[in-house]
Amino acid sequence: REGRFLFANRKALAIHGYEDAKEFMAVNLHELDVPESEALVEERVRKIERDGEASFEVAHFRKDGTRFPMEVLAKSIEWHGEPGILSVATEITERKRLEDQFRQAQKMEAVGRLAGGVAHDFNNMLNVILGHAELVLGDLPPGHPIQEDLQEIRKAAQRSAELTRQLLAFARRQTVELKVVDLNATIESLLRMLGRLIGEDIDLLWEPGKALSPIRIDPTQLDQILANLVVNARDAIGHAPGKITIETDQVEVDEDYCATHAGLTPGRYVVLAVSDDGCGMDEETRALVFEPFYTTKGRGEGTGLGLATVYGIVQQNQGLIQVYSEPGEGSTFRIYLPACVTEPEGRKRETAGAAPPARGHETILLVEDEPAILALGARMLEKLGYGALTASTPGEAIALAREFSGEIHLLITDVVMPEMNGRELAKRLLSLNPSIKRLFMSGYTANVIAHHGVLEEGVNFLQKPFSLQGLGRKVREALDT
């Protein structure tokens, strides 16, 4: 009862980091208990004396000072005629790690439900704000006095749209367009942009692995991963000169590794590592670093969604992210993404403002149950040179298609609407006009859209909110395929 050890088996020595039994037996239980466990020792001893036994969790110090958790079943016994306590303890480090992963998954699910609930209506409203600001800006002469105000409105709406995308990425509900990509080639194409993000005082080193397999991922998600990790590294370095290193590699993951890393399956993985020589993180910060809205930055300097976004994207792509860091020693984030055997696809990049929106002359039927989006979409299509027919319900669209004397070249329809969904409407219109092309749009999240059967490979999809340039590009892609 005084905390002296009378007997300890070999496992007790091993988990505490001792080889010599005499050395371990000379240590008192009160020296092994971490402070928060030590504070409960007397209370637990009283319970064992009263009830004859007790079960609880504790944390102990190893010989080297590190901590580890144990589950204990303690019973009141007699040892050579004297009262004592028998503790049968099981190390539960792995179980606690899996429980933490499970809690993290539950948090992601909760945030995901919240984000999914607001994304549709929020994206519709942002689309109206962005679209009208863009149309008015396009009609203003250079130097007009309200031009600057409209630019600020557009910037604020774009930041809001980005915040929604980050929430959806964290919650693994981001709408994705998967492509087979070459990781090294993608990173090389982003190096100049990443260099601008970190500034001139920080060196950016690029060390590509050789003969990497391609990966299957939405290229914009890869952009998000790299941008967030590099910005996080830049902030960790601060104002002092420093170094950020981006590396790639390829590894084979076996069953033993998967057994201790939930979510992985045996096979080949491509590894992306981003390292910095910045301030590093302590154990508490490392434990919270992927939490949504957790940030070490000052008020107004960050949303706390950057690394949470990376975590969500990696999970969505059946990968794994690990962080290695110590205070003053910098940090390394390692991401494992499943390798793919298919050849990489060519990548088209849209640079905002680099080229005028794609135009055309075809007739387009736009179906949208939100009046403001319907009116905005029609104006945008007409501005791009197209003939726009509008319908606010699927029934109205079918009647219009039957009555229209000319050819309708493209249907643009919202996915989720009253009466019938966009996919069902497209099937009905195909029976009337077998050559009509289809472009689906939505502000709903990926899981909702997939439920309605729209995210199949090869289907043209436009995510709300969309810009004039984004609409023009998607319309041309749909018409030209």
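## Hairpin of strands 2 and 3

Strand 2 and strand 3 form a hairpin with 2 residues between them. In the turn, H80 has a positive phi of about 55°. Strands here are DSSP runs of E with at least two residues, helices are runs of H or I with at least four, and both are numbered from the N terminus. Strand 2 covers residues 67-79 and strand 3 covers residues 82-91. The two run antiparallel and are joined by 10 bridges. Two strands count as paired if DSSP finds at least two bridges between them. V72 has A89 in strand 3 as its bridge partner.

## Basis of the model

This is a predicted model, in which local features need pLDDT of at least 70, side-chain atom pairs count only at pLDDT 80 or more, and totals for chains, interfaces and linings use all residues. Residues are numbered from 1 along each chain as its sequence is written, and side-chain values use heavy atoms, with hydrogens and water left out.

An open sheet of 5 strands runs in the order 5-7-8-10-9, with mixed pairing. Its edges are strand 5 (202-207) and strand 9 (320-325), each pairing on one side only. The twist from one strand to the next averages 20°; such angles run from 0 to 180 degrees between N-to-C directions, with axes fitted to C-alpha atoms, for helices over the stretch in contact.

Strand 8 (residues 267-276) and strand 10 (residues 331-338) run antiparallel, joined by 8 bridges. L272 stands opposite I335 in strand 10. Helix 9 packs on this sheet and touches strand 5, strand 7 (242-253), strand 8 and strand 10. Its direction makes about 135° with that of strand 7. Helix 12 also packs on the sheet, touching strand 9 and strand 10, at about 140° to strand 9. Contact means heavy atoms within 4.5 Å.

## Helix 9 against helix 12

The axes of helix 9 (residues 219-237) and helix 12 (residues 306-316) come within 9 Å and cross at roughly 145°. Helix 9 brings Q221, Q224, I225, N228, L229 and N232 to the contact. Helix 12 answers with G306, L307, T309, V310, I313, V314 and Q316. By class, the contact has 6 nonpolar, 7 polar and no charged residues. Nonpolar means Ala, Val, Leu, Ile, Met, Phe, Trp, Tyr, Cys and Pro; charged means Asp, Glu, Lys and Arg; the others, Gly among them, are polar.

Another open sheet has 5 strands in the order 12-11-13-14-15, with parallel pairing. Strand 12 (387-391) and strand 15 (461-463) are the edge strands. Neighbouring strands are turned by 20° against each other on average, direction ignored. Strand 14 (residues 437-442) is joined to strand 15 by 3 bridges. S442 stands opposite Q463 in strand 15.

Helix 13 packs on the sheet, touching strand 11 (363-367), strand 12 and strand 13 (410-414). Its direction makes about 170° with that of strand 12. Helix 17 (residues 468-480) lies across strand 11, strand 13, strand 14 and strand 15, at about 145° to strand 14.

## The cavity

The structure holds 1 cavity of 30 Å³ or more. A cavity is a set of points, on a 1 Å grid over the protein atoms alone, where a 1.4 Å probe fits but cannot get out; lining residues have an atom within 4 Å of a point. The largest cavity has about 40 Å³ of space, a volume being the space filled by probe spheres set on the points, which are joined across faces, edges and corners.

Its lining consists of L366, I373, L374, G377, L381, I412, M441, F466 and L471. Helix 13 (residues 371-383) supplies the largest share, 4 residues. The lining divides into 8 nonpolar, 1 polar and no charged residues.

Definitions and conventions
On a 1 Å grid over the protein atoms alone, a cavity is a set of points where a 1.4 Å probe fits but cannot get out, and a pocket is an open set with protein on both sides within 12 Å along at least five of seven lines; lining residues have an atom within 4 Å of a point.
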